[in-house]
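Q: Hi! Could you walk me through this structure? I'd like to start with how the chains meet.

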Amino acid sequence: MERVPIVKIGKYLLATIQTDVQDNVALALQEDLGAKIVASRASLVLVDISSLQIVDSFIGRMIGDISGMARLLDAEVIVVGMQPAVAMTLVELGLTLTGVRTALNVEAALAMAGIRDHT
Amino acid sequence: MTLSPQVTPIPVLRAHQDAILDRWIAALKRAGISRPDLRSDADLTRECSELLSALFVGFSSGAMDPTGSGWEQMRSTLRGITLSRGRLGFGPSETVMFVLSLKEPLFSPLDELEPAQRIDAILELNRLVDRLALITSETYQQGREEIIQRQQQEMLELSTPVVKLWDGVLALPLIGTLDSERTQVVMETLLQAIVETGSTIAIIDITGVPTVDTKVAQHLIQTVSAARLMGADCLISGIRPQIAQTIIHLGITLPDVVTKATLADAFITALGRIGQHVVAKRTDQER
C-alpha cells in the first residue's frame, strides 16, 4: 500500500499528499502522523493537499480529524494549498472545517508559523 | 396521407406556380405583413419563391407530411427564413402569418378541379400549410430561446470581474441579483483568482446587490467558507442599512464573516492584515 510521506523540517512536519488518496491511505496517514508527532515532538504539522483534486466526505472528515488529533497531541495543523474545486466540494458537503487553519501555500504557512513562534 | 393520382391537385398547382407566387406576395402586402421596412421587395420575392419551389420539391415526394422524408429541403428553407426573420425583428404572428397566407393563393387554382376533388384537395392543402405554420412557430421560438440562453451566458461572464486592488488583495464587486447558478460562477471565479494571484484576502462588495435573502446569504457564507479552506480571508463590504435591517429581520447571522460598511473600509482593513497602511502625503509646510 502506498503511504503519504511525512518529512520533518526542524520543529515542523510536512505531509504532502501527492495523488488522490484512497480511504486506507488516509487512515494510514492519520496513524503515521500521530506517531510522528509524538516521536518528533513537533509543534506544527503542514498538510499539503495542493495535488488533491477529488475529495469525498470521508477525506474531508479525515482532514478535520487529523487537525483535532494533532491538537490533542499539542501540535497544530495547517492545511495547505486546497484547490478551488476541493474547497467548493467540502463546503457543499457542509464540511467547513471550523477551527482548522489553512494557508494558500507552504510559504504562507511557514510565514504564519513564524509569526506564531515569535509571539 | 397520399393522394390517388386521379384527384391529385399537384399538376394544376404546378401549372400555376408563377400565379401562386404573385398572389402570395400580393396577399402578404395586403395583410400588411410584408414589412417593407425590414425586408426589401426583392428579398421578399426571393424568400417566397424559394419556399414555393421547396414546397413543390416536397410535393414530388408523393407524401403530404412535411415532417416526413422528401420534405427535408422544405424544412431547412423554412427554418432559414424563420430564423432570419426572427433576427430582423419580425414578430411571432407576422412570421407565422407569412406561411399561413400561402393558403388562399394555393386554393384559388383549384377551381379547375371537380367540386368533390376540390374539397378533398383544399382540406389536404389546409392541413399541410397548418403543419408548416407549426414548424415555423416552433423554429421561431427555438431561435428566441437560443438568443436568451446566449445572453444569459454573456451576462454571467460579464457580471463576475475579479479586481486586484493590491498585491495579495482581491475585490469582487457583485452587481445584480444573486441566484444559485450565478453564485456558483462567482465562487469559481473568485477561488480560481485566489489561486492564480496567491492573494490572502478577498473583498466581496455587495453594494450592487439589490436584495439579500436567506438563499443569497447562504451563498455568501459558502463562498467565504470555501475561500477560508483555501487559506484566504474574505471580507464582505457594501451592506446598505436597509439590507442590514432585512438580514436581521430574516434572522440570518453571518458567523465568522467580517463585514464592513464600504469597500474603502474593507480595503483599509485588508491592508492592515497584510501589514500595510495608508498615510497622507505631508506638504512642505508641515515638514
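A: Happy to. A contact here means two residues whose C-beta atoms, placed from the backbone, lie within 7 Å. This is a predicted model, where local features need pLDDT of at least 70, side-chain atom pairs count only at pLDDT 80 or more, and totals for chains, interfaces and linings use all residues. Residues are numbered from 1 along each chain as its sequence is written, while chains are lettered from A and ligands numbered from 1 in the order in which they are written.

Q: Thanks! How many residues of chain B are in contact with chain A?

A: There are 15 residues of chain B, in contact with 14 residues of chain A.

Q: Which element gives the largest share of the chain B side?

A: That is α9(B), with 6 residues. Both α8 (180–197) and α9 (214–230) of chain B supply at least two residues each to the side that touches chain A. Helices (H or I, at least four residues) and strands (E, at least two) are DSSP runs, numbered from the N terminus.

Q: And by class, what is on that side of chain B?

A: It has 7 nonpolar, 6 polar and 2 charged residues. Ala, Val, Leu, Ile, Met, Phe, Trp, Tyr, Cys and Pro count as nonpolar, Asp, Glu, Lys and Arg as charged, and the others, Gly among them, as polar.

Q: How do α3(A) and α9(B) cross?

A: The axes of helix α3 (residues 84–92) of chain A and α9(B) come within 8 Å and cross at roughly 130 degrees. Axes are lines fitted to C-alpha atoms, for helices over the stretch in contact, and angles run from 0 to 180 degrees between N-to-C directions.

Q: Which residues meet there?

A: From α3(A), P84(A), A87(A), M88(A), L90(A) and V91(A) meet Q222(B), S225(B), A226(B), L229(B) and M230(B) of α9(B). By class, this contact has 8 nonpolar, 2 polar and no charged residues.

Q: New topic: what is the strand order in the chain A sheet?

A: The order is β1-β2-β3-β4-β5, in an open sheet of 5 strands with mixed pairing. Two strands pair if DSSP finds at least two bridges between them. At the edges are β1 (6–9) and β5 (101–103) of chain A, each pairing on one side only.

Q: In what sense do β3 and β4 of chain A pair?

A: Parallel: β3 (residues 44–48) and β4 (residues 76–80) of chain A pair over 5 bridges. In that pair, D48(A) stands opposite V80(A) of β4(A).

Q: Which strands does helix α2 of chain A touch?

A: Helix α2 (residues 57–72) packs on the sheet and touches β3 and β4 of chain A, its direction making about 155 degrees with that of β4(A).
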